[in-house]
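Work through these exercises with the structure open. Each task comes with a solution in short steps.

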Amino acid sequence: MKRNRRISAVAVLALAALVTGTGAGFAATTTPSATPVATHAFDTAPATATAPTRSFQGTLPAPTGPYAAGEDVIHLTDASRPDPWVPSSGPRQLTVTMVYPAVPGTGTPAPYMTLAEAAGVIQQRKLSASYGVTPQNLSSITTHAFDGARPQRGKHPLVVLSPAYEDPRMTLTSLATDLASHGYVVALVGHTYEDSGETLANGQTPPCAICGNPALDFDSVAASRALDVSFVIDQLTHGNTAWRLAHLIDKHEIGMAGHSIGGAAAAATMIADPRVRAGVNVDGAFHPAPMPGQINRPFLMLGAAANHSAGSHDTTWGQTWAALGGYKKWLTVAGADHFSFADLDLLLEEAGFPTPPLSPERGVVITREYVTAFFDQTLKGIHSPLLDGPSPNNPEVLFQY
């Protein structure tokens, strides 16, 4: 089983596990082997087993920039393309969370996810009600994003974010809100039928259609996501019909970052779409590794040291590094696991579960700081000394080259 598939599948399990009180979900997330294992107690516990109900109030870290984070959810339909996973459903439909620089003190708190999306997590994992997991637990996490907030004036670079396989788009909310607070418009794309559920324009929240398929071709997943992203960019940069605040976007300054298979999709999108001027792969294997000459624009590789250091078992990082022709950085983070770069480890910690050697708070801080510094330098032309070499304030971050 490919590592991207195994670890991202566990991510949704971990999200569900964070409110169950079993504590077994995290142990699976740190398993270094790519060999399939029982992912948590839900896979092996007898049907009569019960767990104490926990009271969980999840809170994501506040943005660090001078602006607030406004949020809109938009629904897009690509009439030119049938859905790649469920063609019978008709044209490809996408749900996208737009996060933008906003005026502090405006708007109303945005939910982490819809009740139906939260129910999708529970249903996909067949969680018994005795575990105390409810859609309300999952949907009410504090995001520090605000629906209908008044936007800041001016135009801002666009950054598209793509989550891990089987992970709903909101698992990158901490990064999205922080980028918005530093002056970026962020499009957080939900890739329909590739996770536990994205609520579509018709109110339906279809389950994952490709999860658990041992023959799934992840090169095809990355390529399909590249089509999703290019369509989203089309819709956001051609007039104001797709999003009421599209005038905020500087369509000449576009970047993309992704987690796990979303990182592979960032590379695939850059190869296919020259409008994406800078890309970031966060802790994901490349599907496939780019060939020399395919990406001559800035690219950042940021991953866990255990999996993505030079000479590690994931050879696609070394192949990609050699092929990249533009400004490039290869950074690894000591003590991190796969979920240190998204919201999941932090939420697990808040629920009282064990954490990796790198504290979840540090994982969020490092991800935000280095991704923002990279886009500041490549999209805004603001030099960041953070990218010049090791920093005493971030001893966990290792420069591979």
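**Exercise 1. Decide whether S309 is buried or exposed, and list its contacts.**

Step 1: take the cut-offs. Buried means under 20% relative accessible area, exposed over 50%, and partly exposed in between, with a 1.4 Å probe and protein chains only.
Step 2: apply them. S309 has 19% relative accessibility, so S309 counts as buried.
Step 3: S309 sits in the loop between α9 (305-308) and α10 (315-323). Helices (H or I, at least four residues) and strands (E, at least two) are DSSP runs, numbered from the N terminus.
Step 4: list the contacts, meaning heavy atoms within 4.5 Å. With neighbours within four places in sequence left aside, S309 contacts A304, W330, T332 and Q400.

This is a predicted model, in which local features need pLDDT of at least 70 and side-chain atom pairs count only at pLDDT 80 or more, while totals for chains, interfaces and linings use all residues. Residues are numbered from 1 along each chain as its sequence is written, and side-chain values use heavy atoms, with hydrogens and water left out.

**Exercise 2. Describe the surroundings of N281.**

Step 1: find the residue. N281 belongs to strand β8 (residues 276-282).
Step 2: check its accessibility. The value is 0%, so N281 counts as buried.
Step 3: list what N281 touches. Not counting residues up to four places away in sequence, the partners are G258, S260, G263, A264, F286, F299, L300, M301, L302 and W317.
Step 4: take one C-alpha distance. N281 and M256 are 25 residues apart along the chain, and their C-alpha atoms are separated by 8.8 Å.

**Exercise 3. Classify the ring pair Y100 and W243.**

Step 1: recall the description. A pair of aromatic rings is described by the distance of the centres and the angle of the planes.
Step 2: set the rule. Rings of Phe, Tyr and Trp (its six-membered ring) pair if their centres lie within 6.5 Å; planes under 30 degrees apart count as stacked, over 60 as edge-to-face and the rest as tilted. This rule gives eleven aromatic pairs.
Step 3: classify. The centres of Y100 and W243 are 5.9 Å apart and the planes stand at 55°, so this pair is tilted.
Step 4: locate both ends. Y100 is in strand β2 (residues 91-102), and W243 is in the loop between α7 (218-237) and β7 (249-259). The two are 143 residues apart, and the pair links distant parts of the chain.
Step 5: check accessibility. Y100 and W243 are both buried.

**Exercise 4. Name the members of the aromatic cluster, and find which lysines lie over ring faces.**

Step 1: F286, F299, W317, W321, W330 and Y401 form one aromatic cluster.
Step 2: A charge sits over a ring if NZ of Lys or CZ of Arg is within 6 Å of the ring centre and within 35 degrees of the ring normal.
Step 3: K328 lies over the face of W321, at 4.4 Å from the ring centre.
Step 4: K380 lies over the face of Y184, at 4.2 Å from the ring centre.

**Exercise 5. Describe how α6 and α12 pack.**

Step 1: get the geometry. Axes are lines fitted to C-alpha atoms, for helices over the stretch in contact, and angles run from 0 to 180 degrees between N-to-C directions. Helix α6 (residues 173-181) and helix α12 (residues 360-379) pack at about 45°, with axes 10 Å apart.
Step 2: classify the angle. Under 35 degrees is roughly parallel, over 145 roughly antiparallel, 65 to 115 roughly perpendicular, and the rest oblique. The helices α6 and α12 are therefore oblique to each other.
Step 3: name the residues in contact. From α6 they are S174, L175, T177, D178 and L179; from α12 they are V364, T367, R368, V371, T372 and F375.

**Exercise 6. Which backbone features stand out at P288, H144 and S260?**

Step 1: the peptide bond from H287 to P288 is cis, with omega near -10°. P288 lies in the loop between β8 and β9 (299-304).
Step 2: H144 is not a glycine, yet its phi is positive, near 65°. At 24% relative accessibility, H144 counts as partly exposed.
Step 3: S260 also is not a glycine and has a positive phi of about 60°. S260 is in the loop between β7 and α8, and is buried at 0% relative accessible area.
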